[in-house]
Amino acid sequence: MAEPSAATQSPSVSSSSSGAEPSAPGGGGSPGACPALEEKSCGSSCAVHDLIFWRDVKKTGVVFGTTLIVLLSLAAFSVISVVSYLILALLSVTINFRVYKSVIQAVQKSEEGHPFKAYLDVDITLSSEAFHNYVNAAMVHVNKALKLIIRLFLVEDLVDSLKLAVFMWLMTYVGAVFNGITLLILAELLVFSVPVVYEKYKTQIDHYVGIVRKQTKAIVDKIQAKLPGIAKKKAE
């Protein structure tokens, strides 16, 4: 009888020990650590996380600089001009490199082939299964957005609809000062700067954010108490 009990206990011990080992790397709890690192595959969310937190300075610098230049170009020129110049710049690089490699191969009498053959052989076709997966994932977000829009515009919750009205009223003043491209530039600057600042001063920021949340909640509770429809709903 002792052997079966030992056999039944051994899987639990091994599973507990094997479950403890993966948690060791993430046990530090450093601020800004990617939660997806606990999984076997980080995925796109972890890649975006590492990008905005400047884990790889060169990679983030290239992405940040390129997108910022494109947005600044769109602010100064039309979309057609910016797209045309970008395509011309890309074509000039690839054509010059293709001609250069052809001349080198002719002089050295080598048969290396097309310089971009490795990229031309890459299979970039999108399978029907992957396409349906993307569509299904997008439909989930679309349905949630439609439900939220209906709930706000048909005033299911009066406070939430009033919040939207106040926000849109404030956005009219923002729109009078900034255009869409300027807002995108400011958004990019915030995306690539705020996470790093928050990671560095997380404790202080969380403290003040908590104070603001408490005060905001107190004001909202007072407003809800004065609205008869909301008060009855809470009493029920």
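Guide: We can go through confidence, the core, salt bridges and the surface.

Visitor: What is the mean pLDDT of the chain?
Guide: This is a predicted model. The mean pLDDT of the chain is 80. Of its residues, 78% reach 70 or more.

Visitor: Where is confidence lowest, and where is it highest?
Guide: Lowest in helix 1, residues 2-23, at a mean of 42. Highest in helix 6, at 94.

Visitor: Over which residues does pLDDT stay under 50?
Guide: Residues 1-41. For that stretch the model has 16 contacts beyond four places in sequence. Where pLDDT is low, predicted coordinates should not be read in detail.

Visitor: Okay, the inside. Which residues make up the largest nonpolar core?
Guide: Six residues in all: Leu 51, Phe 64, Leu 68, Leu 71, Ile 185 and Phe 192.

Visitor: Which helix gives the largest share of this core?
Guide: Helix 3, residues 57-76, with three residues. In soluble globular proteins, nonpolar side chains tend to be buried together.

Visitor: Take Leu 51. Is it buried or exposed?
Guide: Leu 51 is buried, because its relative accessible area is 18% and the cut-off for buried is under 20%. Leu 51 is found in helix 2, residues 43-52.

Visitor: What is Leu 51 in contact with, leaving aside neighbours within four places in sequence?
Guide: Lys 59, Thr 60, Val 63 and Phe 192. Phe 192 is also a member of the core with Leu 51.

Visitor: And how far apart are Leu 51 and Gly 61 in space?
Guide: 9.1 Å, C-alpha to C-alpha. In sequence, Leu 51 and Gly 61 are ten residues apart.

Visitor: Switching to charges. How many salt bridges does a search of the whole structure find?
Guide: Five. One of them joins Glu 199 and Arg 55, with the closest N and O atoms 3.0 Å apart.

Visitor: Which parts does that pair tie together?
Guide: Glu 199 lies in helix 9, residues 194-200. Arg 55 lies in the loop between helix 2 and helix 3. So the pair ties together parts that are 144 residues apart in sequence.

Visitor: How accessible are Glu 199 and Arg 55?
Guide: Glu 199 counts as partly exposed, at 21% relative accessibility. Arg 55 is also partly exposed, at 41%.

Visitor: What does Asp 206 form a salt bridge with?
Guide: Lys 202, with the closest N and O atoms 3.0 Å apart. Asp 206 and Lys 202 both lie in helix 10, residues 202-226. They are four residues apart, about one turn of the helix. Asp 206 is partly exposed at 31%, and Lys 202 is partly exposed at 34%.

Visitor: What about Lys 117? Which side chain does it meet in a salt bridge?
Guide: Asp 121, at 3.6 Å, N to O. Lys 117 is partly exposed, with a relative accessible area of 46%. Asp 121 counts as exposed, at 54%. Side chains of opposite charge can pair when their charged atoms come close.

Visitor: Last topic, the surface. Which residues make the nonpolar patch of about 910 Å²?
Guide: Leu 126, Phe 131, Tyr 134, Val 135, Met 139, Val 142, Leu 146, Ile 149 and Phe 153.

Visitor: Where does Leu 126 lie?
Guide: In the loop between helix 5, residues 117-120, and helix 6, residues 128-153. Leu 126 counts as exposed because its relative accessibility is 54% and the cut-off for exposed is over 50%.

Technical notes: Residues numbered from 1 in each chain as written. Heavy atoms only, no water. Patch = residues over 30% accessible without salt bridge, like charges linked within 9 Å, V, L, I, M, F, W, Y side chains within 5 Å. Areas by Shrake-Rupley, 256 points an atom, 1.4 Å probe, with all protein chains shown as cover. Salt bridge = Lys/Arg side-chain N within 4 Å of Asp/Glu carboxyl O. Helix = DSSP H or I, 4+ residues; strand = E, 2+ residues; numbered from the N terminus. Buried < 20%, exposed > 50% of the residue type's maximum accessible area, 1.4 Å probe, protein only. pLDDT = per-residue confidence, 0-100. Contact = heavy atoms within 4.5 Å. Core = buried A, V, L, I, M, F, W, Y, C linked by side-chain atoms within 4.5 Å.
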